[in-house]
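Colleague: I would like to learn how to read a model like this one, feature by feature. Where should we start?

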Amino acid sequence: MTTPGRLRVSPLLLVLSLLGVCLPAQLPVAQAAPRNGDGRPEANAARSPLLGAMKAELDRSLDVLGKLDPPAYFIGYTVTETQRADVSGSNGALLTSAEAKNRWLEVAVRSGSYDLDNTRKVGERMAGNAGPGSPVPVDDDAEVLRRAIWLETDRQYRAAAEALIKIKTGKEVKVQTAEGQAPDFSRETPRTSIGPQASFTLDRRPWEQKVRAYTRVFRDSPAIINSIVTFAAQARNQYQVTSEGTQLQFGEVRYRLELFIQGKAPDGMDINRYFNFDWVNPADAPDEKAVAAAEATMRKELEGLVAAPLIEPTAGPAMLTGRAAAVFFHEVFGHRAEGHRQKDIMEGQTFARKVGEPILPDFLSITDDPTMKRLATTDLLGYYQFDDEGVPAQRVPLIEHGVLRNFEMSRSPLIGFPNSNGHGRRQLGFAPVSRQGNLIVQSNKAVTNAQLRAKLVELIKSQGKPFGLLIDDIAGGFTFTGRGQPQAFQVLPLVVYKVFPDGRPDELVRGVDIVGTPLVSLTKIVATGDTPEVFNGYCGAESGSVPVAAASPAILISELEVQKKETSTDKPPILPPPAHDVVKTGASQ
Amino acid sequence: MKRAIHHLTTLSLLALSLLQAATLHARAKAAPADNDRTIQAMRDEMARAKTRLELSIPGTDAPVRPYFVQYRLLDVDVKTVIAEFGALLSSTTTRNRFMAVEARIGGYKLDSSNFVGEDGFRGFIGSSGAVGIDRDYDSLRQDLWIATDQAFKEAVETYSRKRAYLSSLARQPDMDDFSREQPIVSVDPRLEPDWSARNWDQEARDASAALRAYPQLYNSRVTYYFLYATEYLLTSEGTEIRASRSLASIEAGLETLADDGMPLHHFYSTYAARPAELPGTDAVRKGLNVSATELVALRAAPPAQDYTGPVLFEARAAAPLLAQMLGPSLNGSRPPLAFAPVMDQILTSFGGKSDWVGRIGARVFPAGVTLVDDPSAKDYRGQPLLGGFSVDEEGVRAQKLTLVENGALKNLLMSRRPGPDSDRSNGHGRSAFLNDPRPTMSNLLFSSSETVSSDELRKRFLDKCREEKLAYCIVVREMDNPILSFDRQDDFSELLASLGGGAGTGDRLPLVVYRVYPADGREELVRGSRIIGLSVRALRNLAGIGDDSYVHNYMQSQITGFAGTALGAFGTAQGGLPASVVAPSLLFDEVEVRGARGEPKRLPLVSAPQLTATR
């Protein structure tokens with residue numbers, strides 16, 4: 001459910017698909033992850049034989065490749081074991097129900113040195129890529145694993161050596177920016193941590209029944225032309241060894257239930273509603289009541305949107321509910337605080353030289369904290385123990401009282417930021433870059449949501465506008481961080497109400513996207529609510545799709561601009577849904 | 001929406017008449033008592049589509065309605081087990097259902113099909129996609145409703161674009177778009193998956209472990225694949241079909257590099273209709289040993305040199321060679337009208353154009369040769385044939401066809417898409433996995449009234465060799481199947497890039513090639529050969545036909561761009577259409593064989609890690 005691919009898919013296109021859960025009025029409570037840094041396995045953890053095989057092959061590779069010209073100065077092996085169960089349904093029937101287990105090998109070889117290696121971006125050239133890795137046996141067979149590692153290492157070394165030669169040539173002729181002078185790879189303390197291996201046992205049959213039932217309900221609405229419900233359980237174990245001495249074994253289990261429905265407005269506009277539940281402890285699975293409530297809301301909103309009028313482009317005061325605000329911050333601020341965007345000459349580097357300067361109103365602070373497992377009662381999807389470069393996850397204060405302090409850092413250093421803070425992340429098969437984990441927005445100018453709404457009405461009146469906007473849900477969006485495009489963002493609101501100054505009831509409307517430029521938009525936040533809400537979702541960028549969370553209270557913006565949404569011109573179906581057809585053609589049974 | 005896994009190309013099907021359908025069979029057969037509501041749901045949604053689906057086009061009087069609507073549904077249970085060197089890579093079991101809905105606007109003479117326009121992505125709700133696996137009524141009605149709506153609207157749009165395009169042409173096509181055929185009702189019992197009798201995970205481990213004895217191999221992968229498929233077809237003409245098939249296969253690819261860096265490959269494959277009929281572990285290990293031994297021998301063999309002269313294809317090589325050469329030529333249907341001429345070029349360069357269309361009656365083989373395609377054949381002298389079927393994917397009964405008689409071309413394979421030589425289907429509109437049906441062989445039997453013994457054929461071959469005063473001549477013992485033998489996708493892409501231009505003009509990939517020295521009859525294995533320019537014209541003047549025969553069971557590719565071209569014979573069980581070719585050894589007078597070419601790869605910098613033969 002990412003944004004349709006009508007835009008060029010490039011590293012500059014950041015798509016986010018998030019959805020959230022309302023929280024009771026609670027302040028964030030961070031729970032630090034149990035950390036184990038002394039190298040001994042945790043009490044219930046057994047060291048996998050994979051690590052020994054990986055280490056042995058690493059030593060053999062380094063012994064030869066480390067002495068070549070150019071030398072491999074860093075080699076890292078990651079084996080990711082994934083166990084999944086997926087149960088999905090559509091329109092009242094099961095679509096699939098399956099379980100699978102696999103292991104995937106990724107090999108990172110860096111040639112050159114920490115200061116200058118094969119990953120350096122020179123000019124517009126993209127870094128070389130020798131492929132996403134390869135599958136390896138799920139059986140613990142050291143010899144067969146080592147054979148796969150051997151071939152993959154050779155492939156990666158050759159690609160790295162070739163890239164480095166090109167970079168050294170290109171570097172002489174291309175202008176270097178100050179930001180580009182930073183080293184290519186940071187030096188980090190090696191870590192050894194052997195955690196318990198994660199796995200689950202699951203009887204899929206009860207979930208098959210639930211999925212059928214959850215999706216059958218949607219057939220009751222003639223406005224819903226298609227529904228998909230998916231349950232997924234995933235246990236993932238990561239095994240990592242590097243030539244620097246890091247040896248990690250850690251795992252986690254996650255569960256997810258997604259609800260998705262589609263409809264069409266009379267003018268052809270596609271209307272979607274989506275909701276997801278994420279949990280870690282099997283006992284925290286949503287009960288029938290919670291799912292039914294979510295489904296009722298989705299149905300009501302979809303039916304409302306199908307019938308809702310279009311609104312024209314406008315600019316004026318707007319209130320974003322907590323979950324909408326969270327996505328807004330993720331898109332407009334979070335992506336621009338990713339460290340590597342301050343370095344690449346192709347990037348807009350919006351915040352590169354603004355550290356220590358105020359960029360937000362002084363009542364707002366933002367941290368990115370992947371060590372947080374939960375916010376109040378909600379599991380956060382952006383939690384992890386170690387990032388994909390083997391660096392422990394760290395809480396990073398990005399903005400303190402409006403002032404920019406730090407970036408989300410991978411092992412690609414910036415001038416003034418020589419180290420990773422555990423935000424080097426990737427989807428399997430991609431090279432890690434700096435990414436968000438749990439983006440947490442906090443405010444010390446909080447009022448109740450009712451007071452915030454009253455302030456919205458005041459703003460509408462003082463600006464002399466006929467109405468303001470209440471934005472209740474955002475599908476995600478995209479933000480251009482590259483230099484080739486304007487430094488603009490576009491956020492796709494799904495549920496938007498017109499709020500009138502005269503006390504008339506709010507009116508549901510459709511057909512607009514929020515647009516703006518980050519440096520201006522962020523300073524127009526005038527107040528916030530007092531109840532943080534969480535979005536859990538998957539965020540897509542150049543290192544693939546990674547799980548993230550964002551949390552924010554509701555916000556009030558003095559001026560927000562909306563433009564017309566791109567829309568489908570396909571007409572709604574000619575015939576009514578079969579279950580709602582009053583003419584009995586073909587009911588031959 | 002649900003991913004359209006095998007999205008249909010726009011080179012689509014054909015159509016029938018509503019009138020005809022109305023007068024035909026009522027529901028001749030009652031739905032079987034197996035709790036399968038599929039056909040009922042299809043019938044009821046079809047009834048709405050036939051009577052009430054219409055669009056008013058501004059500026060026209062009568063509303064547009066489809067003259068033909070077709071529902072196809074595929075129910076697949078698949079088990080896949082992959083192992084390498086004795087270790088399990090993955091083992092999965094899945095069950096899925098897919099639908100494909102087609103609507104046609106216009107009439108049999110001219111309709112919305114056979115036109116490749118400039119279609120783009122049409123959104124998440126399409127005319128094809130995954131549907132519920134419960135075989136229930138309500139969810140399928142809902143899915144068919146949306147898909148039918150979409151198919152109809154697409155057809156309306158395509159029809160108007162096609163007519164606009166036709167009006168720009170000086171000459172209008174004189175062939176119909178769709179043949180009229182008799183509707184069929186045939187509801188067979190459903191096959192239920194049965195793969196629990198043997199421990200396939202363990203068999204895959206044990207079989208693939210045989211390759212541990214060959215540490216010279218870089219990669220190897222042994223794939224056990226089992227398929228149970230039930231296909232449903234319902235048309236507005238009255239056709240109602242439910243047919244099941246099953247397939248079991250073991251396919252393996254083996255890769256290495258010669259010491260000079262030449263990439264070398266080999267493969268092993270075996271196919272059966274049912275899992276229980278697959279060979280046991282010992283037999284598979286034996287087969288893998290043969291392939292691995294040949295591959296290791298190839299490493300040590302000298303690179304091939306350029307050569308022009310007689311070539312003897314032993315039956316094991318002749319059968320797959322015929323499969324590659326005849327696949328495109330036997331297709332008698334017209335190609336679609338292409339909006340973009342580039343489509344035409346692609347088809348030509350991959351050998352997708354038939355050399356035999358328009359040549360009925362012409363001599364295409366030596367006078368004694370007969371070529372029969374027999375979908376009803378179950379075996380050849382006790383050896384199972386895989387290509388059989390009774391009704392094709394367009395609902396037309398399969399016919400046994402004599403394609404070549406006494407060397408002269410008599411018939412071509414036809415689907416419901418007419419061609420210059422015939423406007424009727426002969427029940428060969430085949431496809432797997434809801435792909436676009438196209439004329440495709442089933443069990444192709446080559447025979448000749450004038451054959452010679454193997455010894456005589458070899459003697460004739462060596463005599464020719466001496467006549468031409470060649471130091472050696474070439475025997476091909478086995479042909480390559482790169483889609484099986486290449487393990488890595490990028491290597492395969494590289495091969496395609498080099499083969500792409502030549503496939504249409506007759507580039508062929510031999511795998512096990514020997515030089516035979518006429519002086520003393522000595523044989524010498526060579527590596528890296530490629531045959532070039534071997535087109536169907538060479539079949540007219542075969543220099544000799546053996547009295548032996550080889551049954552080649554293989555998978556015809558269903559991949560868009562491969563299907564129906566010279567590359568169409570390179571398929572795998574996962575997504576292929578089973579077929580069989582029976583052929584004897586064949587001697588060609590003059591074949592051009594190109595020696596080893598291409599950039600050598602560099603050998604790995606680090607020596608190979610240990611691989612012990614026994615675990």
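Modeller: Start with a single residue. This is a predicted model, and with 27 C-beta neighbours inside 10 Å, F85(B) counts as buried. The cut-off for that label is 20 or more.

Colleague: Where is F85(B) in the chain?

Modeller: F85(B) sits in the loop between β1 (68–84) and β2 of chain B.

Colleague: What is the value of phi at F85(B)?

Modeller: The general idea comes before the case. Most residues other than glycine have a negative phi. F85(B) has a phi near 50°, a positive value in a residue other than glycine.

Colleague: Which loop holds K469(B), and is K469(B) buried or exposed?

Modeller: K469(B) belongs to the loop between α8 (454–467) and β19 of chain B. K469(B) counts as exposed because it has 8 C-beta neighbours inside 10 Å. Its phi is near 55°, again positive in a residue other than glycine.

Colleague: What about the peptide bond from D69(A) to P70(A)?

Modeller: In general, most peptide bonds are trans. The bond from D69(A) to P70(A) is cis, with omega near -5°. P70(A) lies in the loop between α1 (49–65) and β2 (72–90) of chain A.

Colleague: Now a helix. How far apart are the end C-alpha atoms of α6 in chain A?

Modeller: They are 21 Å apart. Helix α6 of chain A covers residues 449–463, and at 1.5 Å a residue its 15 residues should span 21 Å, so the two values agree.

Colleague: Which residues of α6(A) are buried?

Modeller: The general rule is that an α-helix has 3.6 residues a turn, so residues three or four places apart point the same way. In α6(A), the buried residues are L452(A), L456(A), L459(A) and I460(A). They cover an arc of only 100° around the axis, which puts them on the same side of α6(A). A450(A), A454(A) and S462(A), on the other side of α6(A), are exposed. Just after α6(A) comes G464(A), with a positive phi of about 70°.

Colleague: Let us turn to strands. How many residues of β19 in chain B are buried?

Modeller: Five of the seven residues of β19(B), residues 473–479, are buried, so the strand is largely enclosed by the rest of the structure. Strand β9 (residues 307–313) of chain B runs parallel to β19(B), joined by three bridges. There, L312(B) has V475(B) as its bridge partner. Strand β20 (residues 510–516) of chain B runs antiparallel to β19(B), with six bridges between them. In that pair, V476(B) is the bridge partner of V513(B).

Colleague: What is the strand order in the open sheet of six strands in chain B?

Modeller: The order is β15-β14-β11-β18-β25-β24, with mixed pairing. β15 (408–409) and β24 (550–557) of chain B stand at the edges, each with a single partner strand, so one side of each has no neighbour in the sheet. β24(B) pairs with β25 (residues 576–583) of chain B in the antiparallel sense over eight bridges. S557(B) stands opposite G576(B), a residue of β25(B).

Colleague: What is the radius of gyration of chain B?

Modeller: It is 25 Å, which agrees with the value near 25 Å that a compact globule of 615 residues would have. The C-alpha trace of chain B spans about 80 × 55 × 45 Å along its principal axes. Of the 615 residues of chain B, 53% count as buried. The secondary structure of chain B consists of ten helices and 26 strands. Among contacts in chain B between residues at least 6 apart in sequence, 81% join residues at least 24 apart.

Colleague: What are the counts of helices and strands for chain A?

Modeller: Chain A has seven helices and 25 strands. Of its 589 residues, 51% count as buried.

Colleague: Finally, how many residues of chain B are in contact with chain A?

Modeller: Chain B has 48 residues in contact with 47 residues of chain A. On the side of chain B that touches chain A, the elements giving two or more residues are α2 (38–52), β2 (87–104) and α3 (138–167) of chain B. The largest share, nine residues, comes from α3(B). By class, that side of chain B has 20 nonpolar, 14 polar and 14 charged residues.

Key: Residues numbered from 1 in each chain as written. Chains lettered and ligands numbered in written order. Predicted model: local features only at pLDDT ≥ 70, side-chain atom pairs only at ≥ 80, totals over all residues. Helix = DSSP H or I, 4+ residues; strand = E, 2+ residues; numbered from the N terminus. Expected span 1.5 Å × (residues − 1). Buried ≥ 20, exposed ≤ 12 C-beta atoms within 10 Å, placed from the backbone. Arc of directions from axis to C-beta. Contact = placed C-beta atoms within 7 Å. Nonpolar A, V, L, I, M, F, W, Y, C, P; charged D, E, K, R; others polar. Rg over C-alpha atoms; globule rule 2.2 N^0.38 Å. Pairing = 2+ DSSP bridges.
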